Amino acid sequence: MTYKPDEVVLSIRDLSVSYGAQRGRVRAVQNVSFDLHAGETLALIGESGCGKSTLNLALIRQLPKTASIDGGSVLYTYRDGRQVDVLKYTKQEMRRYLWAECSMVFQGALNSLNPVIRISEMVYETGEAHGIPRLEARDRAMRLFEQVRLDAKRVFTSYPHELSGGMRQRVLLALSLILRPQIVIMDEPTTAVDILTQRSILDVLKVLRAELNFSVIFISHDLAVAAEIADTVATMYAGEIVERGPVNDVFYRSRHAYTLSLLNAAPRLSAGAETLDSIPGSPPDLIVPPPGCKFHPRCAYVQDVCRTVPPPLVAYDDGKRLAACHATEQVQQDAQATRILSPDAILPIVKGGVS
Amino acid sequence: MSDTPPIVELRGIRRSFVKDRQLIPVLQDINLAVQADEILCIVGESGCGKTTTGKIIAGLLDPSSGEVIVNGRPTESYQGREKALLRRQLQIVHQDPFASLNPAHTIGDILSFPLKRHRMTEGGAGLKRRIWELLTMVDLTPPGDMVNKYPHQLSGGQRQRVSIARALTVNPKLIVADEAVSMVDVSIRITLLKMLLRLRAELGLTIVFITHDLALAKYFAWEGRIAVMYLGRIVEIGRTQEVIANPSHPYTRALLAAVPEADPELTRHKQAIRLRSDDIPRLTDIPRGCAFHPRCPYFIPGMCDSDLPELASAPGFDQQVACIPVQRGLPLHVHESQVAAEAHP
């Protein structure tokens, strides 16, 4: 997909979020900075507990009461060029901002839809809250339902329980776009669905994105989904973004040892026989994280420096890529040598259109 | 195939459940032989009957009709002590390690109950030694620290190791692993799978691995077999390498084509197969003929919607497939309307 690299819609700077716990503060997100561009799809990848969902909740100010934003800014640029720090918004301003400028799609669509009202009521309510007349809200919804390949008339008058899981997820996707936001945040939207349903959601998402050109922050532990839809990939580990770059660079020329380890643990269906490597140990304690690089106790590239000095986030390729890894050159060499499949290693069923 | 009888064989298995006074047929005519020492993967989408099949294999569930044959003998012929022994041979590891371990018991307790119940060890020292041994086998070390812990003190991956250790207490011959790694993180998943493969080699286990994740199935059962299920039937079964590299059933093809790959170029150039319908029919209203025909892009009217396909061999394939056009070697044409739909971005 094409996006406009000079047009930044969301600029996150030094964002830190922590939770209160008995033993101390759980530093779930630490000094996270990135820009989201117009039309760009950014995938945040990482294991559970890496802070990706906390980051997402902070962006829409829906953190639980035990969490606090310890610093940073989330600068949003309106279509008219006006810039605001979303973190400074009042509750009321936030209500206008959500859906209209930034909407979200969560996993488990049943929990996100009100079970006792029809889809049509949700559409009208949303429209009303943002000053859109009923008829227009209805027209927009019907058009979006058709775009996500739903039987629009039937769905519009249905209750959520009358729809299948895949249909509900597509309804949510459509509803998230009804006020034409510039940003849609998606948290594991295809995690709890079946393969063919996931395929139809991904296809529908691509069509919508090409047509409406919104930006997406996509949160997933599924590397395959990230590989398919992301323009940019950011790897998170222990609350920090440890690597960020264009999707092909991150997948084929990884610069952080953790990114490469994740990739080496993910089976590829059409790669035939594969040797996969697991990552030893488990994610670190976020109250008292390991010194130096937080990944060093599990890292295959660990050197003495990693145990004491936290690696700085360094820019590569004219700033297009970032990585915080002491062994970045070695990692990139290994990634280049191993991550690109030779054409004969790809099974014929999926070879179909591979050029 | 060897001369020894399959460890478990299902013959003409049907199973229905009653929900809201309605009979829901979940399995229809399942015929499946699990050979000793093999890895058999059962894949399919939710509601296809893979978990029910796994439970019937493990002896946790009786079929509504049909025969379950273990070591060459129907299960009904096992009585008394023999029946108890049979139970021990077949074990299951469930998906959710949070729900399957009693939160009020320590890991030591969880492992000692079946050991005591089935008199697997002698005396307190023997029991302790065996628990130590089991914990070491599943890499929960040091065992001394682990025995006094409660499930909530362990991570998801560690809990799943406890579940596996518990299944091993009774020296089973076969383990059904039902989505056993789908709730743990990517990095832990491979560790668990490698451990299962190691245990299989060390203990001579047969593993029935149930998953919805085809890439994982491919990795785990590369040297074994895969059975693909759709709406209560097996639609394709054969060696994993054949099924993945040369799928025969249109449903298998659609699944394989639909799976995203952890490789940007590969996944973006994959040719998806558009189905005629995105919706799975209800189990209470299974289509006539081939159950997949309302969604199948290669549907042949008058054939697929009237005749029930049985698993059989087909020209050009080593595996067995339940698709009449494929069995007859007919060329598969995508419908005109489909081609138009695919041209759309």
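Predicted model: local features only at pLDDT ≥ 70, side-chain atom pairs only at ≥ 80, totals over all residues.
Local features are reported at pLDDT of at least 70 and side-chain atom pairs at pLDDT 80 or more, whereas totals for chains, interfaces and linings use all residues. Residues are numbered from 1 along each chain as its sequence is written, and chains are lettered from A in the order in which they are written.

Chain B comprises 13 helices and 12 strands, these elements being DSSP runs (helices H or I, at least four residues; strands E, at least two) numbered from the N terminus. With a radius of gyration of 22 Å, close to the 20 Å given by the globule rule for 345 residues, chain B is as compact as a globular protein of that length; the radius is taken over C-alpha atoms, and the rule is 2.2 Å times the number of residues to the power 0.38. Along the principal axes, the C-alpha atoms of chain B fill a box of roughly 70 × 50 × 45 Å.

In chain A, an open sheet of 8 strands with mixed pairing runs in the order E6-E7-E8-E3-E9-E10-E12-E11, where two strands pair if DSSP finds at least two bridges between them. Its edge strands, each pairing on one side only, are E6 (102-105) and E11 (314-316) of chain A. Within this chain, strand E7 (residues 183-187) and strand E8 (residues 215-220) pair in the parallel sense over 5 bridges, and A:Val184 has A:Val216 in E8(A) as its bridge partner.
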